[in-house]
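Dear colleague,

I am handing over the structure we spoke about, and my notes on it follow below. Please read them with the model open beside you.

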Amino acid sequence: MSGFDFTDKVMLVTGGAGGIGSALCRRFASGGARVVVVDIDETRAEKVAAGLPGAGHRGIGCDLMDRAQVERLFELVADAYGRLDVLVNNVGMTSAERFDVRSVESIEREITLNLTSPLITTRIAIPLLQASPDARVVTTVSLGGIFPLGETPVYTASKFGLRGAMLAIGLDLRSKGILAGAVLPSATDTRMLRQEAVDGGNSLQFQEPPQQPADVVAAVVSLLDKPRLEAYPRAGESRLVRFAMLAPNLLPKVFPLFRRRGDRGVARYLEDLRSRGLARQADGRWELVEEA
């Protein structure tokens, strides 16, 4: 049994129509919460909200990189609910493009979405969170916020920054009645990871088979049950990467070992996607099969 009482809580999830986000929304709604599903795709957000158990849910389209839209989002939440009990910053992106060929605009976009937007979203939500008797903020970071992913340095930069920011925010807001923490998952079997795999993205993520969105959901619930600054869906992996970072100057020597193991993991994952009808090879290249 969960120690956190979801009943009648107002819980907002950004990236709510994605793999992890929609799983979080279903878990919260099944516990009796009223869920605000926020996604850049308003149609998908509304569809997820309409399919949730219980009542009082809402799907809202919002570009979290547009401050005016974020301000409007929380005006809608204030009008509909009058408070916000839990904010889950879950939106994120990555790219398989290597740093030396990426456009400056794509770098700015990824940093803005992954790092800046959760901070601005949290800041603008503060008045509504302060209206709650038990306010929480949970942010999905990544083990890439601890261990540098050599093939995706922009993602690494955004997640290193986000992890540090959430640690500081957790310390700062605690005395103000808002408990904030972060979940640091490793690679998770979502459409974003599948796209990265077929695009030849970061093989370092595939040391082990990807976890499922349900694993991340369980970590978020554990953070609500027992508030703390960080939670890890896979504790063993978190210990490994934290240990590796005790001697960062050794990374150039150990990276080839990680990469070879990761390359094998990518190959296994792609074959798994093929067996599930989610990916195929065409003209020697992998591509996703869009789900109905």
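In these notes a residue is called buried under 20% relative accessible area, exposed over 50%, and partly exposed in between, with a 1.4 Å probe and protein chains only. By that scale Asp-8 is partly exposed, with a relative accessible area of 39%.

Before the rest, some words on the source: this is a predicted model, in which local features need pLDDT of at least 70 and side-chain atom pairs count only at pLDDT 80 or more, whereas totals for chains, interfaces and linings use all residues. Residues are numbered from 1 along each chain as its sequence is written, and side-chain values use heavy atoms, with hydrogens and water left out.

The sheet comes next. Helices (H or I, at least four residues) and strands (E, at least two) are DSSP runs numbered from the N terminus, and two strands count as paired if DSSP finds at least two bridges between them. On that basis 7 strands form an open sheet with parallel pairing, in the order S3-S2-S1-S4-S5-S6-S7; its edge strands, each pairing on one side only, are S3 (58–61) and S7 (230–231). Strand S1 (residues 10–14) is joined to strand S2 (residues 34–39) by 5 bridges, the two running parallel, and Thr-14 has Val-38 as its bridge partner in S2.

Turning to the salt bridges (a side-chain nitrogen of Lys or Arg within 4 Å of a carboxyl oxygen of Asp or Glu), a search of the whole structure finds 14. One of them pairs the side chains of Asp-8 and Arg-34 at 3.1 Å, N to O; because Asp-8 lies in the segment before S1 and Arg-34 in strand S2, this pair ties together parts that are 26 residues apart in sequence.

A further salt bridge links Arg-67 with Glu-71, whose closest N and O atoms are 3.7 Å apart. These two residues are 4 residues apart in helix H3 (residues 67–81), so about one helical turn separates them; Arg-67 is exposed, at 55% relative accessible area, while Glu-71 is partly exposed, at 35%.

Arg-280 and Glu-287 also meet through their side chains in a salt bridge, at 2.6 Å from N to O, and here Arg-280 is partly exposed with a relative accessible area of 44%, as is Glu-287 with 31%.
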